Amino acid sequence: MTDILLNTSSCKSIIHCGDGAFVKYAPLLGGQKFLVTDTNVNAIYGKLIKEYFVGCGLYVLPAGEKSKTFRYLSDILAAMADAELNRSCTVIAFGGGVVGDIAGLAASLYMRGVNAVQIPTTLLSQVDSSVGGKTAVDFKNIKNLVGTFYQPSEVIVDPLFLKTLPPREIRCGLGEIIKYAALDKVVYSKLLKEANIFSLDFLGSIVPDCIRHKVRVVSVDERDVNGIRKTLNLGHTTGHAAELYYRRKSHGEFVLIGMYYELHIAEKLKIGDVKYYAELRRLIERAVKIPVYADIEKAAGLAKMDKKNTGESISLVVPTSEGESTELKLSFDEYVRLLKEVNQ
Ligand code: ADP
Ligand code: ZN
């Protein structure tokens, strides 16, 4: 079992990681509790929830990104008020990123903020969204448009929950893990040495390394203002644009596709180490099949909306050498020209 501490100017969070973390730490959560989960997670872990959170208020969200709305946020807050929660209560998010984002937002709003605990059950939420305090709902068809920065006091990361995850969700989380590999030497060398990067034992063992990286970043740029937290968006400019345009694959797979294209762009611009780029691309290809997109320029149009951009230019975070990355700013026309070249 590993404990990782996150210290920011606004708070201290403790992140418990390891097999059995749930059974060890869930019973220690005291006081009035209110748990938010989703229908899929409740179908699998409902009994466990009842056993470990006796008498606790419960809200079950319909599974899926479509539930990350004001309507459900308002419903959760209403259920919290009906349960007569007081200011010293704890809101527990038990599920993937959707549950974590909306329950975290509800915790940050109820009575101007009550204690929040995250128990992430997907690989993606374990390595990424449950740590760092970003909460949100989608609004006006824009993902995460409305939200807060609100750190959970505790995060309980138990890889045993990954045993019930569908393969698609494993691949999705693996996408973000390979993103960490491009940012962090430890994650990189462990992935290179591992014969089966899909094995749950391996994935469970690398989760704390990814969290350690994220904690280091968030502790120096909690509110995403000085450019450091932006590095966590590596691969996401092109990846997110392709995700919006082509859909179908999971977020993590699109991050990998985005990284793959952006590595080629960085190579054409002679930014970083060519041998290292080739190694990273081989790693990506072990996790996802890279499609050749004929209409990539149409997808690229959606990169104009990316939140990292300033003014007219497109911003890409690209690796340069092991553990190092940089931000590239390209005009939209140059970005599209380079993307098309990658496809040739
Ligand atoms: P993410 O964590 O990828 O951001 P979601 O919160 O939508 O996104 O979770 C992805 C899907 O996985 C949802 O359908 C959710 O109900 C389901 N899910 C979450 N945790 C588990 C689990 N441990 N086992 C099986 N399915 C799960
Ligand atoms: Zn992501």
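Tutor: Two residues are in contact if their C-beta atoms, placed from the backbone, lie within 7 Å. By that rule, residues 24 or more positions apart make up 70% of the contacts with a separation of 6 or more in the protein chain. This is a predicted model, in which local features need pLDDT of at least 70 and side-chain atom pairs count only at pLDDT 80 or more, while totals for chains, interfaces and linings use all residues. Residues are numbered from 1 along each chain as its sequence is written, and chains are lettered from A and ligands numbered from 1 in the order in which they are written.

Across the boundary, 24 residues of domain 1 are in contact with 22 residues of domain 2. On the domain 1 side, β1 (2-7), β2 (12-17) and α5 each give two or more residues. α5 gives the most, with five residues. Helices (H or I, at least four residues) and strands (E, at least two) are DSSP runs, numbered from the N terminus. By class, this side of domain 1 has twelve nonpolar, nine polar and three charged residues. Ala, Val, Leu, Ile, Met, Phe, Trp, Tyr, Cys and Pro count as nonpolar, Asp, Glu, Lys and Arg as charged, and the others, Gly among them, as polar.

Now follow α5 to the ligand. The shell around ligand 1 holds 22 residues, and the closest are N40, G96, G97, T121 and T122. A residue is near the ligand if its C-beta atom, placed from the backbone, lies within 6 Å of it. Elements that give two or more residues to this shell are α2 (39-52), α4 (97-109), α5 (123-129) and α6 (167-181).

Last, the whole chain. The protein chain has 13 helices and eleven strands. Its C-alpha trace spans about 60 × 40 × 35 Å along the principal axes. Of its 344 residues, 45% count as buried, meaning that 20 or more other C-beta atoms, placed from the backbone, lie within 10 Å of the residue's own.

Technical notes:
Buried ≥ 20, exposed ≤ 12 C-beta atoms within 10 Å, placed from the backbone.
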